Amino acid sequence: MKISNKKKTNSFSRKVCVHCKCDRTDHEATSRNRKLTASERIGILPSLEMLSTGTSQTTRRTDAPGSTSHGYSWVPPGLTRVKVEEYMAQLPNHVVPRINSSGEKFRERQLMLQLPRQDLSLAYCKHLSNSVERKLYEEFINARNEIALDIGFVCPVLPKQMECKKCRGILERNEMAVIAPKLGENNGWHPACFTCATCEQLLIDLTYCVKDGIIYCERHYAELHKPRCHACDEVSFPY
């Protein structure tokens, strides 16, 4: 039996435009209609609780996610400038979204990979061929939005000690941690540990889906439930 020596490639890299053969995310990246904040992309805005977590009225940040203040293209909402810097210092340098840096480009690409627009709106689905498939799609999206999809927040000062859900290391009292509201405030992560269980990439803009107590990016959450076409990158709804 002949064994192929062809190297495995990342599944994302195989998704190319059928017309010009470039990476299809490049098409979206150059679109005038692109949305470059996760909260806008999925239609969820941070709550007042998230915006005021652990901060006083005099030090509270009021800029929206995606703000370019302090030299970043995105910052966690609700943090003072000092805490923003503390958060960024805990991330791998190549993912820190400094303006005009490789980290900013990495973030933009991860927004499109982790939150594919065809998973978020029927308007971007080109291959749902009939009303039954469209209904199944909408039922899936509505259920996902209700039970799984959410945006985490950074608690700048933990009120008590807890265990990091990923590395199992100790998060000390008064330490910074990321909280996923759908799993409750007794579960926390180190900032660099808030990653998808499948691709192990940092969850972009703290956006996650949860299944059986485990967090995923939206792309890989969807693939736990539905097959994805490697050509068009849409999830399928066989019936």
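Tyr87 is buried, at 2% relative accessibility; buried means under 20% relative accessible area, exposed over 50% and partly exposed in between, with a 1.4 Å probe and protein chains only. This is a predicted model, where local features need pLDDT of at least 70, side-chain atom pairs count only at pLDDT 80 or more, and totals for chains, interfaces and linings use all residues. Residues are numbered from 1 along each chain as its sequence is written, and side-chain values use heavy atoms, leaving out hydrogens and water.

**Aromatic pairs**

- Rings of Phe, Tyr and Trp (its six-membered ring) pair if their centres lie within 6.5 Å; planes under 30 degrees apart are stacked, over 60 edge-to-face, the rest tilted.
- The count by this rule is 5 aromatic pairs.
- Trp74 and Tyr87 pair edge-to-face, with 6.3 Å between centres and 70 degrees between planes.
- Trp74 sits in the loop between helix H3 (48-52) and helix H4 (81-89), and Tyr87 in helix H4, so the pair ties together parts 13 residues apart in sequence.
- Trp74 is also buried, at 5% relative accessibility.
- Trp189 and Phe194 form another edge-to-face pair, at 5.2 Å centre to centre and 75 degrees between the planes.
- Trp189 is buried at 3% relative accessible area, and Phe194 is buried at 1%.
- One aromatic cluster consists of Tyr137, Phe140 and Phe237.

**Helix H8**

- Helices (H or I, at least four residues) and strands (E, at least two) are DSSP runs, numbered from the N terminus.
- Glu218, Arg219, His220, Tyr221 and Ala222 are buried in helix H8 (residues 218-225).
- The cover over the buried residues of H8 includes helix H5 (102-114), helix H6 (117-120), helix H7 (131-147), strand S7 (207-211) and strand S8 (214-216); contact means heavy atoms within 4.5 Å.
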